[in-house]
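Dear colleague,

I am passing on the structure below, and my notes on it follow. Please read them with the coordinates open beside you.

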Amino acid sequence: MDTQHVEGDLDLDQTLFTEDQIRARLAELARDIERDYEGRDLLLVGVLKGAVMVMADLARSLDRHVEMDWMAVSSYGSGTSSSGVVRILKDLDTDISGRDVLIVEDIIDTGLTLSWLVANLKSRGPASVEIATLLRKPDALRMEVDVTYVGFDIPNAFVVGYGLDYAERYRNMRSIGTLAPHVYS
Ligand SMILES: O=P(O)(O)OC[C@H]1O[C@H](OP(=O)(O)OP(=O)(O)O)[C@H](O)[C@@H]1O
Ligand code: HPA
Ligand SMILES: [Mg+2]
């Protein structure tokens, strides 16, 4: 199944990561996470909606018990640049005080979402808060974010697929690619 199985059109410029490359990298991160959290309970917190695919595949790569909870926050709306205003659309169901929390994200772009979210979760008294993200754009960072597990560093271009959307489209692509400029011009 190729990148364009969903759209079958010319909306994508380039494939950055195939399904196989994503799966292999998540398996490596899973081994690191198993080692680092050995003997401790672990709560994975997925950030909706973009992180659904990463959460599903990372959690299934882990050879251990984990709990999963979800938050929905949004700062991008339907555009390609962060509004800088983070809104909680859905909060956790779990009380995280005293818990080891690992935030699972699809992408760190400006860092605004994650820096806000880490501060928000730390204020709830967890034992620890770490971040696992599949993608990070080092050149786009506006807020420093301490990330423990990074899948891939990527150039500063808008990407879609594997959970990542442009105006809610392309999330169900199996691979990740850059969007052709004509799509948002
Ligand atoms: O580092 P930043 O510049 O803050 O960008 C990263 C955030 O932006 C995207 O979420 P979005 O707000 O698009 O919501 P979504 O996951 O529902 O698409 C992405 O899933 C991250 O949560
Ligand atoms: O490059 C991106 N693509 C999709 N959603 C995003 N949210 C932040 N950066 C991105
Ligand atoms: Mg989005």
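β6 and strand β7 (residues 149-153) run parallel and are joined by four bridges, where strands are taken to pair if DSSP finds at least two bridges between them, and where helices (H or I, at least four residues) and strands (E, at least two) are DSSP runs numbered from the N terminus. Within this pairing, Arg-136 stands opposite Asp-153 in β7.

Before going further, please note that this is a predicted model, in which local features need pLDDT of at least 70 and side-chain atom pairs count only at pLDDT 80 or more, while totals for chains, interfaces and linings use all residues. Residues are numbered from 1 along each chain as its sequence is written, and chains are lettered from A and ligands numbered from 1 in the order in which they are written.

On its other pairing, β6 is joined to β5 by eight bridges, the two strands again running parallel, and Leu-102 has Glu-130 in β6 as its bridge partner. β5, helix α3 (residues 112-122) and β6 together make a right-handed β-α-β unit (right-handed meaning that, with the strands pointing away from the viewer, the path from the first strand over the helix to the second runs clockwise). Seven of the nine residues of β6 are buried, so this strand is largely enclosed by the rest of the structure; a residue is called buried if 20 or more other C-beta atoms, placed from the backbone, lie within 10 Å of its own.

Helix α2 (residues 52-61) has Met-53, Val-54, Met-55 and Leu-58 buried, and its buried residues pack against α1 (19-36), β2 (43-48), β3 (67-74), β5 (100-108) and β6 (128-136), a contact being two C-beta atoms within 7 Å.

A separate, open sheet is formed by three strands in the order β1-β9-β8, with antiparallel pairing. β1 (12-17) and β8 (159-160) stand at its edges, each with a single partner strand, so one side of each is left without a neighbour in the sheet. β8 pairs with β9 (residues 176-179) over two bridges, and Val-160 has Gly-177 as its bridge partner in β9.

As for ligand 2, eight residues lie around it, among which Ile-107, Asp-109, Phe-158, Val-159 and Leu-164 come nearest (the criterion being a C-beta atom within 6 Å). This shell divides into six nonpolar residues, no polar and two charged, with Ala, Val, Leu, Ile, Met, Phe, Trp, Tyr, Cys and Pro counted as nonpolar, Asp, Glu, Lys and Arg as charged, and the others, Gly among them, as polar.

With best regards

Methods. A residue is buried if 20 or more other C-beta atoms lie within 10 Å of its own, exposed if 12 or fewer, and partly exposed in between; C-beta atoms are placed from the backbone.
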